[in-house]
Amino acid sequence: MRRGERRGPAGPLGKAALEEQHQQPNGGSPPPGPERDGPALGLRRSTESEVYDDGTNTFFWRAHTLTVLFILTCALGYVTLLEETPQDTAYNTKRGIVASILVFLCFGVTQAKDGPFSRPHPAYWRFWLCVSVVYELFLIFILFQTVQDGRQFMKYIDPHLGVPLPERDYGGNCLIYDPGNESDPFHNIWDKLDGFVPAHFFGWYLKTLMIRDWWMCMIISVMFEFLEYSLEHQLPNFSECWWDHWIMDVILCNGLGIYCGMKTLSWLSLKTYKWQGLWNIPTYKGKMKRIVFQFTPYSWVKFEWKPASSLRRWLAVCGIIFVFLLAELNTFYLKFVLWMPPEHYLVLLRLVFFVNVGGVAMREIYDFMDDPKFHKKLGQQAWLVAAITATEFLIVVKYDPYTLTLSLPFYITQCWILGIILVLTWTAWRFFIRDITLRYKEIRRQKQEHKYEKDKCLSNGDGHSSILDEQNGSKLRERKL
């Protein structure tokens, strides 16, 4: 929907919606269109908020393709004509790679296709789309190296990498109250309160904003703790105390993050989305408020996953949960096989990357599932996130197959087999056995109703009914014709 239009509840496509179907090339963004609403342009879904926009189109939203091209050309000209090239081959190689990436990012920010989000600016989300491409290409490069070369290549990024590092064991003494330590009996709790505690909270707060469903968030949170239990024989980092798993992680950090995320979602769904141009607001307080709200969504769509509504949606939701869990595991296994300490800035940058691309990917997946058209394609950011997750896992498989092939303990294997059997049994009952049973009952009910009507028609004196006479007469006329 274009700016200056009100998204109504239904009705024919207006001029704004028709313009959206013929979108401009993304050298510049069209004025801040909505977080485009998937299947039915111009029609507001029942889970989507109404948007009012006065249509102001300022310099902030105009195309700047020529400006970016001019600045980029000037920068390259300065390096070529005025700067002396050093004789250090390694330095020139690094600088050439960085310059190539920056040129690609400049092209992508100005020319790539817009995604579903438009705030704070469509160029911001195009930037992260291009970063996704660069990161995927980097992973492909690492995948095609030998294990030793791949680990040593990380030294070109940070000279301190490429050295095997011991993993911290979070298990050990699991007493909440340690009477043997008279100075501080609760030292075990204080030892676990490191920087990862707020990271867990904010991580799950942001994941809730991405998934927008309490049940899915809780299932992923609990499932990951079960995975840590199952894989602690492979990674010492997964070895934690029981109260660290269920009290600090699931209940306090994850649970509190999910709760705050759901409260934020509730506020976003009730918020009035009425936008004015900054210079159309008379008061300074209103201008400051408008600047802050620029970093909130342009409109809001409530996700209704409805996994039990059809087999297709059930399999899609299971696939989303699987990819989420795999991406979480990749965080730990990648730093294990590439010898990166947990506090390294590359680990943090990867998490920041997934925070920015994850929300776009989830919106594109939801639109893909909610689109009734048969011929459709998955969104570009969702496609890249799936490819990145798969490539990361393949790197882990190649670089340390021994760790991944360590057999699960027998009781763990039994628990997973039982869980898989229960899920498959419920799937078969819900989407096959139950449907067959309901269909059989419906056919049986229809037959009984037909028999009752027939008996009712034959209950007159001559044993015939007017309805049967009309049916016989029509059959006779059909034979004559």
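Where does Gln 234 lie? Gln 234 sits in the loop between helix 8 (214–231) and helix 9. The model shown here is predicted. Its protein chain has 16 helices and two strands.

**The chain as a whole**

- The protein chain has 481 residues, and 39% of them count as buried.
- Take the contacts between residues at least 6 apart in sequence: 75% of them join residues at least 24 apart.

**Helix 7 and helix 9**

- Helix 7 covers residues 196–211, and helix 9 covers residues 242–270.
- The axes of helix 7 and helix 9 come within 7 Å. They cross at roughly 40°.
- Angles under 35 degrees would count as roughly parallel, and 65 to 115 as roughly perpendicular. Helix 7 and helix 9 are therefore oblique to each other.
- The crossing of helix 7 and helix 9 is right-handed.
- On the helix 7 side, the residues that meet helix 9 are Val 197, His 200, Phe 201, Trp 204, Tyr 205, Thr 208 and Leu 209.
- On the helix 9 side, the residues in this contact include Met 248, Asp 249, Cys 253, Asn 254, Leu 256 and Gly 257. Also among them are Ile 258, Cys 260, Gly 261, Met 262, Thr 264 and Leu 265.
- By class, the contact of helix 7 with helix 9 has twelve nonpolar, six polar and one charged residues.

- Gln 234 has a relative accessible area of 8%. Buried means under 20%, so Gln 234 is buried.
- Which residues does Gln 234 contact, leaving aside its neighbours within four places in sequence? They are Tyr 333, Thr 403, Leu 404 and Leu 406.
- Gln 234 and Thr 403 are 169 residues apart along the chain. Their C-alpha atoms are separated by 5.8 Å.

**Loop residues with positive phi**

- Arg 212 is placed in the loop between helix 7 and helix 8. Its phi is near 60°, a positive value in a residue other than glycine.
- Arg 212 is buried, with a relative accessible area of 8%.
- Trp 339 is placed in the loop between helix 11 (311–337) and helix 12 (345–370). The phi of Trp 339 is near 60°, again a positive value in a residue other than glycine.
- Trp 339 has a relative accessibility of 18% and counts as buried.

**A cis peptide bond**

- The peptide bond from Arg 119 to Pro 120 is cis. Its omega is near 0°.
- Where is Pro 120 found? Pro 120 belongs to the loop between helix 3 (89–111) and helix 4 (122–143).

**Arg 430 in helix 15**

- Arg 430 is placed in helix 15, which covers residues 410–457.
- Is Arg 430 buried or exposed? At 17% relative accessibility, Arg 430 counts as buried.
- Not counting residues up to four places away in sequence, Arg 430 touches Ala 308 and Asp 435.
- Arg 430 and Ser 309 are 121 residues apart in sequence. From C-alpha to C-alpha, Arg 430 and Ser 309 are 9.6 Å apart in space.

Note on methods. Residues numbered from 1 in each chain as written. Predicted model: local features only at pLDDT ≥ 70, side-chain atom pairs only at ≥ 80, totals over all residues. Heavy atoms only, no water. Axes fitted to C-alpha atoms, helices over the stretch in contact; angles between N-to-C directions. Helix = DSSP H or I, 4+ residues; strand = E, 2+ residues; numbered from the N terminus. Parallel < 35°, antiparallel > 145°, perpendicular 65-115°, else oblique. Left-handed = near helix turned anticlockwise from the far one by under 90°. Contact = heavy atoms within 4.5 Å. Nonpolar A, V, L, I, M, F, W, Y, C, P; charged D, E, K, R; others polar. Buried < 20%, exposed > 50% of the residue type's maximum accessible area, 1.4 Å probe, protein only.
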